[in-house]
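Here's a quick briefing for anyone opening this structure for the first time. Have a look at the sequence and the model, then work through the notes below.

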Amino acid sequence: MSASTLMNDNAPDHVRIFDTTLRDGEQAPGFSMLPDEKIAVARMLEKLRVDVIEAGFAAASPGDTEAIRQIAREITGPTICSLARATVRDIDAAMHALEPARRKRAHIFLATSPIHREAKLRMSRTEVIAAIETALTHARGEFDEIEFSAEDALRTEPDFLVEALECAAAHGADVLNIPDTVGYSEPTEIYELFKHLSETVTRPAHVIFSAHCHNDLGLAVANSLAAVRGGARQIECAINGIGERAGNCSLEEVVMAMRVRPDVFTVPCHVDTTELVPASQTLIRATRTTIAPNKAIVGRNAFAHEAGIHQHGMIADRRTYEIMTPESVGADSSSLILGKHSGKHALFKRMAELGYEPAADEQDDIFARFKALADAHGEVTEADLVGLMEGFSESGARWEVVRTELRTTAGPRPKQFARVELSHPERGRMSDIASGDGPVAAAFAAVQRITRTQAIILNLETRMTRTPSGREFMAEIEIEIDGRQVSGRARGPDVVTAAIDSLLFSLERAHAFAHADPEKSHTATAV
Ligand code: KIV
Ligand code: ZN
């Protein structure tokens with residue numbers, strides 16, 4: 001019987017999802033996590049029902065060993081894995097760290113490509129094969145599963161790759177991982193390679209192939225899917241696609257591609273897709289990072305529609321512009337964002353939901369005022385619509401910043417103070433001073449004293465952009481006031497001014513909403 005017949009007879013009934021958020025992801029700049037944060041992510045991965053969690057690289061540091069041990073103690077669903085170089089020391093470190101795990105996997109790697117052999121390892125082909133044999137012989141019997149990775153496999157001579165993989169399989173590897181370490185490959189090449197390896201590599205029947213694709217050319221997801229079509233039965237990936245350099249294959253994207261296209265990907269995976277957005281959010285919190293609004297599956301805009309033609313289609317039948325439901329990935333329901341591209345259909349539908357049904361002869365005028373508001377502020381919220389219908393300010397905040405002064409005390413525990421002066425068309429100029437644990441916090445405290453409001457700041461994001469005349473700052477804020485969430489954004493010449501303006505703008509929106517006719521607005525929520 002040929003090797004490929006053996007493989008097909010024993011192919012697992014699902015594509016295994018091997019998550020490396022806590023190893024390849026965590027080792028990338030800006031993504032390091034504290035032990036508690038790693039545990040929170042690992043719990044989320046268990047909820048997602050991934051098959052394997054690569055919890056770290058035990059030999060890298062005592063901290064990594066401890067984090068793997070803690071995850072191995074707490075997480076009982078998925079197999080827990082540690083990375084190890086092909087050395088006795090690394091394999092022993094993995095063994096020790098994984099000791100409490102219900103099911104443990106060693107992930108042993110050694111580079112096989114000529115550039116890595118010559119420039120990094122200074123090893124001949126014969127020495128590489130000998131090192132694989134020694135390492136796997138040492139690991140055999142000590143773990144429930146052994147995975148071998150031929151690092152930089154995609155730039156390895158095909159005949160030597162087959163030799164290295166056959167050596168690993170003969171010495172106990174259960175999974176043969178084919179990393180595109182530098183994200184150099186493309187889907188056709190990957191498909192052909194996996195097909196070739198599935199048909200050529202002599203191995204025990206249960207041994208499967210795995211893809212580990214990096215995203216240097218933005219092809220990691222496409223390449224991983226091509227690998228599955230070529231015979232791979234494990235995909236290595238990370239939440240939000242984090243990982244070395246441009247990252248790894250994004251878990252949420254690859255999983256949803258398989259879920260949405262079962263006609264193409266006939267072997268399913270077992271991930272609970274309704275946990276994808278919560279998992280993405282957990283990672284964002286743990287790493288204090290953000291993702292692009294247009295990030296597939298989990299980005300803020302993934303189920304948001306602003307263009308008038310799209311909104312019209314969505315109102316008629318959501319399948320016109322959505323290939324999956326937001327609920328299927330754990331996102332809030334689709335949103336029709338009101339902005340300058342929106343049409344009358346969406347505007348008057350939202351108004352009706354808010355309790356406003358303007359007469360036909362008023363609609364053109366309201367639509368024109370809505371467009372002016374959208375031009376000025378980008379997104380138009382429900383609070384803005386209420387303001388528009390009730391005659392409140394349409395031009396942004398009535399409060400204006402006159403001056404801000406910041407001061408930091410000297411000493412080992414410096415404190416920040418802000419003196420803010422605002423002006424208001426009815427209340428005139430008013431100023432106050434407040435302290436906080438940062439200049440923005442102090443300025444916000446002063447603003448809230450002046451405006452006599454108590455808002456909880458839920459989120460504040462600032463960024464700098466270059467302009468022809470220098471630079472400017474953009475602040476986007478989300479606040480909660482009287483149990484209602486309101487957002488706002490503003491630009492300014494510096495971070496603090498932009499942040500204060502975004503706060504004043506959101507307070508204005510909240511104010512407009514609170515003063516709307518309760519009969520009309522009782523069903524509305526402002527965000
Ligand atoms: O990218 C890579 O080659 C790796 C290996 C350690 C699997 O991360
Ligand atoms: Zn990698």
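Let's begin with a charge and a ring: the charged end of R407 sits over the ring of F417, 5.6 Å from the ring centre. That label applies if NZ of Lys or CZ of Arg is within 6 Å of the ring centre and within 35 degrees of the ring normal. Bear in mind that this is a predicted model, where local features need pLDDT of at least 70, side-chain atom pairs count only at pLDDT 80 or more, and totals for chains, interfaces and linings use all residues. Residues are numbered from 1 along each chain as its sequence is written, chains are lettered from A and ligands numbered from 1 in the order in which they are written, and side-chain values use heavy atoms, with hydrogens and water left out.

**Rings**

- R229 also lies over a ring face, that of Y191, at 5.3 Å from the ring centre.
- Rings of Phe, Tyr and Trp (its six-membered ring) pair if their centres lie within 6.5 Å; planes under 30 degrees apart count as stacked, over 60 as edge-to-face and the rest as tilted.
- By that rule the count comes to 1 aromatic pair.
- The pair is F367 and F370, with ring centres 6.0 Å apart and planes at 25°, so it is stacked.
- Both sit in helix 15 (residues 360-377), and being 3 residues apart there, F367 and F370 are separated by about one helical turn. Helices (H or I, at least four residues) and strands (E, at least two) are DSSP runs, numbered from the N terminus.
- F367 counts as buried at 16% relative accessibility, and F370 is buried too, at 0%. Buried means under 20% relative accessible area, exposed over 50%, and partly exposed in between (1.4 Å probe, protein chains only).

**Around ligand 1**

- Oxygen atoms of ligand 1 come within 2.6 Å of a side-chain N or O atom of T181, 3.0 Å of one in R23 and 3.0 Å of a polar side-chain atom of H214.
- The protein covers 94% of the 260 Å² of accessible area that ligand 1 has on its own (Shrake-Rupley method, 1.4 Å probe).

**E54 and its partners**

- E54 lies in strand 2 and is buried, with a relative accessible area of 0%.
- Its side chain makes a polar contact with the side chain of H107 (2.7 Å), and another of 3.0 Å joins E54 and R23. A polar contact is a pair of N or O atoms within 3.5 Å; within protein, one must be able to donate a hydrogen and the other to accept it, and residues adjacent in sequence count only if both atoms are side-chain atoms.

**Loops**

- R49, in the loop between helix 3 (35-48) and strand 2 (52-56), has a positive phi near 65°.
- R452 has a positive phi as well, near 55°, and is exposed, with a relative accessible area of 64%.
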